[in-house]
Amino acid sequence: MNIPGIADADLEPEPLDPEQIVSGDPVVTGKVLWESPDGTQIRGIWQITPGVVTDTEANELFVVVSGRATIAVEGGSVLEVGPGDACVLREGDRTQWTVHETLRKAYHISL
């Protein structure tokens, strides 16, 4: 799928559960670009401003469009990501995202 303008697409606010915020005042926005008819596959754009948050992941492949972050997977790897990096997260992975520069990613999630 070619998505022209992904780097500057308008995104919608996505409320962040306050219990996920470890530090800072991160703001999350995003936009679903495609969803399979059965709702098990989703593609879109997601963005988060600097701060530290926790999350429990879905099966996801993403590519960083802009920004930088450190993603620590509980009991596993620490990923340093920036523009052009592709990452795979597994369903159930517990992560801590330290966002150094506003991060924008294009993603595909399998539910």
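1. A salt bridge is a side-chain nitrogen of Lys or Arg within 4 Å of a carboxyl oxygen of Asp or Glu. In this predicted model, Arg-68 and Glu-101 form such a pair, their closest N and O atoms being 3.3 Å apart. The two residues are 33 residues apart and link distant parts of the chain, with Arg-68 in strand S6 and Glu-101 in strand S9. Arg-68 counts as partly exposed at 38% relative accessibility, and Glu-101 counts as partly exposed at 40%.

2. The whole structure contains 4 salt bridges. One of them joins Lys-105 to Glu-60, with 2.8 Å between the closest N and O atoms. Here too distant parts of the chain are linked: Lys-105 belongs to strand S9 and Glu-60 to strand S6, 45 residues apart. Buried means under 20% relative accessible area. Lys-105 has a relative accessible area of 4%, so Lys-105 is buried. Glu-60 is at 6% relative accessibility and therefore also counts as buried.

3. A further salt bridge is formed by Arg-94 and Glu-74, whose closest N and O atoms are 3.6 Å apart. Arg-94 lies in strand S9, whereas Glu-74 sits in the loop between S6 and strand S7 (78–81), so the pair ties together parts that are 20 residues apart in sequence. Arg-94 counts as partly exposed, at 47% relative accessibility. Glu-74, at 59%, counts as exposed.

4. Strand S9 also holds Arg-104. Is this residue buried or exposed? Arg-104 counts as buried because its relative accessibility is 7%. Its side chain reaches the backbone oxygen of Ala-9 at 3.1 Å. Leaving aside neighbours within four places in sequence, the contacts of Arg-104 include Ile-6, Ala-7, Asp-8, Ala-9 and Leu-11, and also Ile-45, Trp-46 and Gln-47. Val-63, Val-64, Val-65 and Ser-66 are in contact with Arg-104 as well.

5. The largest nonpolar core has 18 residues. Which residues have the most contacts inside this core? They are Trp-46, Ile-48, Phe-62, Val-81, Trp-97 and Leu-103. At least two core residues come from each of strand S4 (41–48), strand S6 (59–73), strand S8 (86–89) and strand S9 (94–110).

6. Trp-97 deserves a separate entry. Not counting residues up to four places away in sequence, Trp-97 touches Trp-46, Phe-62 and Leu-103, among others. Its other contacts include Gly-51, Val-52, Val-53, Asp-55 and Glu-57. Thr-70, Ile-71 and Leu-89 are also touched by Trp-97, as is Lys-105, the residue that forms a salt bridge with Glu-60.

Note on methods. Residues numbered from 1 in each chain as written. Predicted model: local features only at pLDDT ≥ 70, side-chain atom pairs only at ≥ 80, totals over all residues. Heavy atoms only, no water. Core = buried A, V, L, I, M, F, W, Y, C linked by side-chain atoms within 4.5 Å. Buried < 20%, exposed > 50% of the residue type's maximum accessible area, 1.4 Å probe, protein only. Helix = DSSP H or I, 4+ residues; strand = E, 2+ residues; numbered from the N terminus. Contact = heavy atoms within 4.5 Å. Polar contact = N/O pair within 3.5 Å; in protein donor to acceptor, adjacent residues only side chain to side chain.
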